[in-house]
Amino acid sequence: MSLFTRSRQLPDTVTEEAVEEAPSAEDEGEHLPTDAALPTDAALPTDAALPTEVPDSPRPGWFGWRRRYPRTARGVSVGTSVLAGLLVLLVLLFPNRLDHMNLRSFFRLPVEAIVIAAVLLVLPPKARRIAAVAFGVFLGLFTVLKFLDMGFYQTLARPFDLVFDWIMLGNATDWLRESFGRTGEVLAVTGVIVLFIALLALSTWATVRLTNVMSRHRPQAVGTTLILGTVWVTCFTVGVQFGGVSFATKGNTEFLANRVQHVRNGLGDAKVFEKESAVDAFAATPPNQLLTGLHGKDVLFTFIESYGRVAIDDPAMAPEMDATLKKGDATLKSAGFASRSGWLRSPVTGAGSWMAHSTFLSGLWVKNQQRYLNLTSSDRATLTSYFQKTGDWRTVGIVPGVRKSWPEGKYFGLDHIYDSTHLGYKGPYFSWTPVPDQFSLEAFQKLEHGKKNRDPIMAEIILASSHNPWSPIAHTIDWNDLGDGSVFEQIKKEGTNPTEVWKSQERVRTEYRKAIQYSVDSLTQWMQRYGDENTVLVFLGDHQPVPTVTKGSTSRDVPVTIVAKDPKVLDRVDDWNWTDGLKPADNAPEWGMDKFRDRFMTAFAK
């Protein structure tokens, strides 16, 4: 019997590819021995002597599945390679802003993909493998940066700063915990970590996979790369566009170049800020010549969290806010007060209140965390510390948003600081807000302003009820019913759930507007109830709210108002040309927030 017709079990190590490649008898018949020359059955081992299976032999691919289903396996292999290519393209074409996310963004040809392919094709095998992994990790980190940008644009209306913003990530986790509880914080942080690892792993896998495919099909890969490179150069030169979007793009290269320049600028920013800090028009002024126009007055600098221009200008909010401001005007006028209002441009938007506060008080443009840290560790005088320097005022801080040690308070020249644990509040938190504004103001009255036989007070008051996420919101009640704050338990139960509110942009905007109304109502009612001819109030927003509320507005303006009963106080600011009342006109003067300190000190210098 011929060896080629004998029936026996082939060992598993023989692949179908090997069988297919074996020559047939017809192809090599002239080389086959004659039957006489072939060994007889007796010369062959018996079936019993042949191994029926080899347990230790490896199964080819996916535990033998590729051998049993070769067509399906080939389809899966091709599909996986296509998926890897799409993933790399997606990483390169993915925008770093949600408002730039559209279908047209993904129908482009990125030059970076062509350059990466060309580099991998010219490298020798070992260097190619190393480069593939390096490119994969880089693309993963690049995608993480885009996601960070996306988050920062949604909250701060600016990209992530690679030099200064790392500390902001810790602030973000604090906000999550205080707004959505410990469970919400853990789930969010865990999700971010998993996403980070997945992005690095997937981008590396995709790049290595494509590199292997190009290596196996090098001639086709070289030809395809040359064709795509020619297409890109032609389309870029001609300016081919689809729906207003350029087909040939080098956006990632420009993106990285801008980031490198931004990092270089950031690293040199400390020296620039140091020079700016050294200039102070009042540093040499004797204490007895400072702020003499306010002697005997209680001066209150009050920040309303997230009170931005959008609350007044946006057509969807304007009617209700107009009504609140008109009501506030009437409330103040009934108590004998007058007011003037203008606009200040904040260094931040969406968040970063402390940078806005320090800009307003220091007269310096504090646009990042490094500037803030440098400022608070310097001897630069602030508006509040100048009040302290005169020796004529007791300086206090009402800071309900502070829940832990705040060493910067000493820098701002505050003799005493009342944080959330020292206001006597026994009620519930309202998401991020530890103490409702009305209670904070009442606590200030009991702890400081309402005392008899006291020195004049200069107070920095930070009202936090309008802090993101604006749900649930407190509402004003009878001042005599505030007690220790326990009354707010029921008010909170009747409020809205932030997880439900944030499912709708319009609902978020509505709750934001209600929060601002509550803060303004609380402040004007307090002035009517407790203010007198020696009370001077300056209140302002610290920054615009997040883009979800502003709908992408680039304005950083916030309203600022000065309120007083003594007409001599407002006479000193006549040349500011601010608008009468609590609502600044559209064409009211707009100053940088860093300009207020010197203008105020000049107006009340003598």
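Biologist: What makes Arg259 count as buried or exposed?

Modeller: This is a predicted model, and in it Arg259 has a relative accessibility of 9%. Buried means under 20%, so Arg259 counts as buried.

Biologist: How do you know that Arg259 forms a salt bridge with Asp149?

Modeller: The closest N and O atoms of Arg259 and Asp149 are 2.3 Å apart. The rule asks for a side-chain nitrogen of Lys or Arg within 4 Å of a carboxyl oxygen of Asp or Glu, so the pair qualifies. The partners come from distant parts of the chain, with Arg259 in helix H8 (residues 251–277) and Asp149 in helix H5, 110 residues apart. Asp149 has a relative accessible area of 0%, so Asp149 is buried as well.

Biologist: How many salt bridges does that rule give?

Modeller: The count comes to 21 salt bridges. Another one pairs Asp280 with Arg597, where the closest N and O atoms are 2.7 Å apart. Asp280 sits in the loop between H8 and strand E5 (298–304), and Arg597 in helix H21 (residues 596–603), 317 residues apart.

Biologist: Why are Asp280 and Arg597 called buried?

Modeller: Asp280 has a relative accessible area of 18%, and Arg597 is at 0%. The cut-off is under 20%, so Asp280 passes and so does Arg597.

Biologist: What about Arg340 and Asp580?

Modeller: Their side chains meet in a salt bridge, at 3.2 Å from N to O. Arg340 lies in strand E6 (residues 338–345) and Asp580 in strand E12 (residues 579–580), so this pair ties together parts that are 240 residues apart in sequence. Asp580 has a relative accessible area of 56%, and exposed means over 50%, so Asp580 is exposed. There is also a network: salt bridges that share partners join Asp314, Glu506, Arg509 and Lys551.

Biologist: How do you know that the length of helix H18 agrees with its number of residues?

Modeller: Helix H18 (residues 505–530) has 26 residues, which should span 38 Å at 1.5 Å a residue. The expected span uses one less than the number of residues. The end C-alpha atoms of H18 are 38 Å apart, so the two values agree.

Biologist: What makes H18 largely enclosed?

Modeller: Of its 26 residues, 19 are buried, so H18 is largely enclosed by the rest of the structure. The largest nonpolar core has 54 residues, and Tyr307, Phe444 and Phe488 have the most contacts inside it. H18 supplies the largest share of this core, 10 residues. Beyond its neighbours within four places in sequence, Phe488 is in contact with residues including Tyr425, Phe430, Phe439, Leu482 and Tyr518.

Biologist: I remember a general rule about nonpolar side chains. What is it?

Modeller: In soluble globular proteins, they tend to be buried together. This chain also has a surface exception to show you: Val133, Val137, Leu141, Val189, Ile193, Phe196 and Ile197 form a nonpolar patch, with about 540 Å² of accessible area together. Helices H5 (125–156) and H6 (166–216) each supply at least two of the patch residues, and the largest share, 4 residues, comes from H6.

Biologist: Why is Ile193 called partly exposed?

Modeller: Ile193, in helix H6, has a relative accessible area of 46%. Buried is under 20% and exposed is over 50%, so Ile193 falls in between and is partly exposed.

Biologist: Which peptide bonds are cis?

Modeller: The bond from Asn468 to Pro469 is cis, with omega near 20 degrees. Another cis bond joins Ser471 and Pro472, with omega about -10 degrees. Pro469 is in the loop between strand E9 (457–463) and helix H16 (488–493), and Pro472 is found in the loop between E9 and H16.

Terms used: Residues are numbered from 1 along each chain as its sequence is written. This is a predicted model: local features need pLDDT of at least 70, side-chain atom pairs count only at pLDDT 80 or more; totals for chains, interfaces and linings use all residues. Side-chain values use heavy atoms; hydrogens and water are left out. Patches are made of residues with over 30% relative accessible area and no salt bridge: like charges are joined within 9 Å, nonpolar side chains (Val, Leu, Ile, Met, Phe, Trp, Tyr) within 5 Å. Accessible areas come from the Shrake-Rupley method with a 1.4 Å probe; for residues, only the protein chains shown count as cover. Buried means under 20% relative accessible area, exposed over 50%, partly exposed in between (1.4 Å probe, protein chains only). A nonpolar core is a set of buried Ala, Val, Leu, Ile, Met, Phe, Trp, Tyr and Cys residues joined through side-chain atoms within 4.5 Å. Contact means heavy atoms within 4.5 Å.
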